[in-house]
Amino acid sequence: MFQNIPGTFDVLPAGTEGASMPASPAWQHIEDVVRKVMRRYGFEEIRTPALEPTALVARGIGQATDIVQKEMFTFEQGDAGYVLRPEVTAPVMRAYLQHHLGQRGGVQKLFYVGPCFRAEKPQKGRFRQFHQFGSETIGAADARADAETVALMADVYREFGLRQTRLRLNSLGSPPDRKRYRQALTDYFAPYENELSETSRRRLRQNPLRLLDTKIEHEQRLLEDAPRLLDFVDDGSRAHYDEVKGWLDHLEIPFEEDPLLVRGLDYYTRTAFELESGALGAQSALAGGGRYDLLAEALGADEPVPAVGFAAGIERLFLALEAAGYDFPPDPAADVFLAAIGEEAERFVFEKARALRRAGLSAETDLMGRSLKAQMREANRSGAPHAVIIGGNELEAGRASVKHMATGEQTEVAFDGLTAFLLEQRAGGQPAEAEAAQDT
Ligand code: AMP
């Protein structure tokens with residue numbers, strides 16, 4: 001028997017025993033809420049392929065990053081190199097440039113929801129195929145675009161009632177600033193090189209900023225006296241950073257300044273932020289993002305295109321929701337189950353179910369020629385509020401017997417009035433009420 005690849009998972013229907021991940025209705029709920037909040041902020045959905053040219057990711061994210069060095073799923077076919085996208089920002093910028101979306105005028109506010117792939121060691125909250133939602137605001141250099149991105153991200157989590165989050169903020173300046181800072185960091189750590197772990201020594205040589213992410217205690221102590229990136233940031237970036245903070249204060253969005261926050265992707269300039277949940281343990285990052293004014297040029301644009309965005313992990317959101325005891329909306333049940341007694345009734349019911357479905361009702365029937373008792377068991381399991389039972393007598397009278405499952409009460413309804421009856425029941429019944437309550 002085949003099994004799914006470690007670090008990937010199946011999203012199964014509700015009620016599956018032993019499922020490792022939330023069922024498909026929970027995923028739909030997450031996606032619905034994300035889309036709703038994105039729309040409120042005026043973002044439009046974009047869908048890009050899971051497969052991209054390897055060079056796009058290498059050039060976009062940066063050669064020296066962990067993602068490009070060791071986390072990409074790549075393969076060659078013919079002369080072309082393919083990668084399963086490890087993130088969506090570079091693909092969105094590719095699409096923006098390729099389709100000249102800037103010509104639509106104004107700022108392009110785009111969002112996405114979809115799978116990403118990284119060849120990481122699977123563990124709790126860390127997968128090889130995971131799912132992100134995020135936004136990209138392309139064409140706005142103003143600090144308000146950064147603040148709007150943070151507000152949008154924060155409001156998605158608010159919408160789920162998650163308040164126990166921590167927002168960290170920093171400014172990464174521009175590449176020349178970072179170059180000078182990298183040198184200062186390298187100089188600072190040089191005398192301690194022998195005390196550093198193998199990984200940190202490699203980072204010191206290849207990408208010293210990654211040292212700031214160290215989880216090793218004595219390296220963290222060394223960092224306390226290390227030079228600070230913010231002291232190397234030019235006046236323009238510093239003023240922009242102050243404006244971003246000003247707008248966040250204005251929106252009363254709490255944040256902490258974290259001089260050690262650098263993010264693992266090369267394309268960031270100026271603003272960088274990360275949202276954490278205290279409930280997640282080691283994989284505490286819910287979402288992160290920042291400004292990436294240089295990505296467009298890195299991908300071949302003639303001029304810089306200012307842009308800012310965030311990306312969030314859906315699996316991490318599930319973990320945070322689980323820890324918070326979040327109540328997912330009840331799984332949608334069918335409106336009606338149609339049971340048949342005898343072959344003629346089976347033929348009638350099979351056709352009637354389709355007619356009800358075409359009228360917008362969700363109708364289920366038996367597909368196995370089972371006994372009435374078995375069909376009623378199935379009706380119960382389906383959660384449908386009504387079961388329609390049709391046998392020889394009903395066919396003769398042209399009336400169906402409709403059983404209200406909760407009370408056991410039976411009503412006679414003429415065949416040609418059945419659709420109207422069931423639609424009316426649905427409008428006045430439980431499911432419609434549940435939907436309305438959830439919106440407020
Ligand atoms: P990043 O672009 O690496 O900051 O990723 C953005 C968000 O995606 C993170 O904050 C996580 O929530 C999520 N994420 C990143 N990598 C993984 C992974 N391997 N498995 C699950 N979620 C991930």
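Which helix does Asp235 lie in? Asp235 sits in helix H9, residues 235-250. Helices here are DSSP runs of H or I with at least four residues, strands are E runs of at least two, and both are numbered from the N terminus.

Some ground rules. This is a predicted model: local features need pLDDT of at least 70, side-chain atom pairs count only at pLDDT 80 or more, and totals for chains, interfaces and linings use all residues. Residues are numbered from 1 along each chain as its sequence is written, and side-chain values use heavy atoms, with hydrogens and water left out.

Back to Asp235. Is Asp235 buried or exposed? Asp235 is exposed, because its relative accessible area is 66%. Buried means under 20% relative accessible area, exposed means over 50%, and partly exposed falls in between, with a 1.4 Å probe and protein chains only. Gly173 is 62 residues away from Asp235 along the chain, yet their C-alpha atoms are separated by 9.1 Å.

Now the whole chain. There are 16 helices and 16 strands. The chain has 440 residues, and 47% of them count as buried. Its C-alpha atoms fill a box of roughly 95 × 50 × 45 Å along the principal axes.

A polar backbone atom of Phe127 is 2.9 Å from a ligand nitrogen. Ala285 puts a backbone N or O atom 3.1 Å from a ligand oxygen. For Gly313, a polar backbone atom is 3.2 Å from an oxygen of the ligand. On its own the ligand has 480 Å² of accessible area, and the protein covers 92% of that. Areas come from the Shrake-Rupley method with a 1.4 Å probe.

Last, the surface. Phe350, Leu367 and Met368 make a nonpolar patch of about 410 Å². Patch residues have over 30% relative accessible area and no salt bridge, and nonpolar side chains are joined within 5 Å. A salt bridge is a Lys or Arg side-chain nitrogen within 4 Å of an Asp or Glu carboxyl oxygen. Phe350 belongs to helix H12, residues 343-358. Phe350 counts as exposed because its relative accessible area is 53%.

Technical notes: A polar contact is a pair of N or O atoms within 3.5 Å; within protein, one must be able to donate a hydrogen and the other to accept it, and residues adjacent in sequence count only if both atoms are side-chain atoms. Patches are made of residues with over 30% relative accessible area and no salt bridge: like charges are joined within 9 Å, nonpolar side chains (Val, Leu, Ile, Met, Phe, Trp, Tyr) within 5 Å.
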